[in-house]
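Here is a short briefing on a ligand site and a sheet. Please keep the sequence and the 3D view open while reading.

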Amino acid sequence: MSVAPQILKAMENSSAIRKAFEAGIKLKKEFGNDNVYDFSLGNPDLEPPVEVKKAMQKFAASDDTGTHGYMPNPGYDFTRAAMAKKVSEEQGVSIEGKNVIMACGAAGGLNAVFKAILAPGDEIIVPSPFFAEYTHYCANHGGVLVPAMTNEDFSINIETIKKALSPKTAAVLINSPNNPTGKIYSKEDIKLLADTLTEHAKKTGRKPYIIADEPYRAIVYGNKTVAPLFPVYDASIVVSSFAKNLSLPGERIGYVAVNSACPEAELLCSAIIFATRVLGYVNAPAFFQRVISETWNAPVDFSSYLLRRNALTKILDDAGIHYAEPEGAFYLFCKVPKSKSGSTDENEFCSHLEKHHILAVPGTGFGKKEWIRLAYCVSEKTIANSAEAFKAAVKTW
Ligand SMILES: Cc1ncc(COP(=O)(O)O)c(C=O)c1O
């Protein structure tokens, strides 16, 4: 009787975010909430919009028979139709509800897609740095994640993608705005990626999917937008959720949308629906399928994230910590400054920051040593109060 060795190994290697989060809870108990600066977790601190709360009250009061019953595995038709409208608006090409599968968050959606497309040993290429959980989602289904390093500004480096491509490549997974870098991949880079994969398909006879993981699509700064993928590549899939834009991460509500132009779109959708069932999700939560069918386009003011970004970057500037300015999402990816003894080790620096009550996540899990991630979806007060701690931490490093 034991835990599987590969799970033990994965647990050991993947606990950085949770470790920082738990250290934060301990520190807060000892020193009080106001004296701990917890930038560990991407848990939005904005309240969900009032429209969401009103819809929750309305649907909670419903006595309609079958409200809490099983449903078809891909979700309610009316919710799928609403998601199809959303995705069609974002992508600029029309898709129908039958091409949408409701999911238990973006994480559930990615797992259903990976289960549907991965044969044992297949590979998924990801521009690196990347969301650390991808490694595990891929391994869950017998796949291997292949990181392809980005350029210095974290834009897609097409040469590293070309090098990573092989007959085993099942998909390229992109995440824009990116966690952890905040980078938005340009329209030109998306087109170049699409053309590269089309060429690869001609040579090898296997056309990899492009999967766009887009939970941060709505959270962009200035006049930035996220370029659509469907018009430039047919074998494409969008995975998203309402965790970040509507601040509903605990409700586990998301979706997968398959490009109507995708060869074998119908078969692929059936496979994702089957995967949703046999992974044990069965279907996405009924209550929140109802809620978001009416509130998916509720207006949200993201200006406070911009204010927080600007406040934290000013603090980092003053402390002498270099970072990549985020174009979207709510993460700051920072370069570890050189210590007096010459160290740029991200784990050591995170431990050092912890002594100053700052919780950050080492870049290792995201595929980038010597960098750390700060999630700034925290109160303005926490950010303002952290200024002296950052200065003191750098001075004593
Ligand atoms: C890039 C990325 N993809 C997927 C997820 C998972 O999102 P969800 O909570 O909707 O499953 C996250 C969560 O932080 C994320 O950052």
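Two strands count as paired if DSSP finds at least two bridges between them. This is a predicted model. On that basis, four strands form an open, antiparallel sheet in the order 9-10-13-12.

- Strand 9 (323-324) and strand 12 (361-362) stand at the edges.
- Each of these two has a single partner strand, so one side of each is left without a neighbour in the sheet.
- Strand 12 pairs with strand 13 (residues 371-375) in the antiparallel sense, over two bridges.
- Pro 362 stands opposite Ile 372 in strand 13.
- In general, strands of a sheet pair through backbone hydrogen bonds, either parallel or antiparallel.

- An N or O atom in the side chain of Tyr 216 lies 2.6 Å from an oxygen atom of the ligand.
- For the side chain of Asn 179, an N or O atom is 2.8 Å from a ligand oxygen atom.
- Ala 107 contributes through its backbone: an N or O atom there is 2.8 Å from an oxygen atom of the ligand.
- The protein buries 91% of the 400 Å² that the ligand exposes when taken alone.

**The shell around the ligand**

- The ligand is surrounded by 14 residues.
- The closest are Asn 179, Asp 213, Tyr 216, Ser 241 and Arg 252.
- By class, the shell holds seven nonpolar, four polar and three charged residues.
- Helix 5 (residues 105-117) supplies the largest share of the shell, with three residues.

Notes:
Residues are numbered from 1 along each chain as its sequence is written. This is a predicted model: local features need pLDDT of at least 70, side-chain atom pairs count only at pLDDT 80 or more; totals for chains, interfaces and linings use all residues. Side-chain values use heavy atoms; hydrogens and water are left out. A residue is near a molecule or strand if one of its heavy atoms lies within 4 Å of it. A polar contact is a pair of N or O atoms within 3.5 Å; within protein, one must be able to donate a hydrogen and the other to accept it, and residues adjacent in sequence count only if both atoms are side-chain atoms. Accessible areas come from the Shrake-Rupley method with a 1.4 Å probe; for residues, only the protein chains shown count as cover. Ala, Val, Leu, Ile, Met, Phe, Trp, Tyr, Cys and Pro count as nonpolar, Asp, Glu, Lys and Arg as charged, and the others, Gly among them, as polar.
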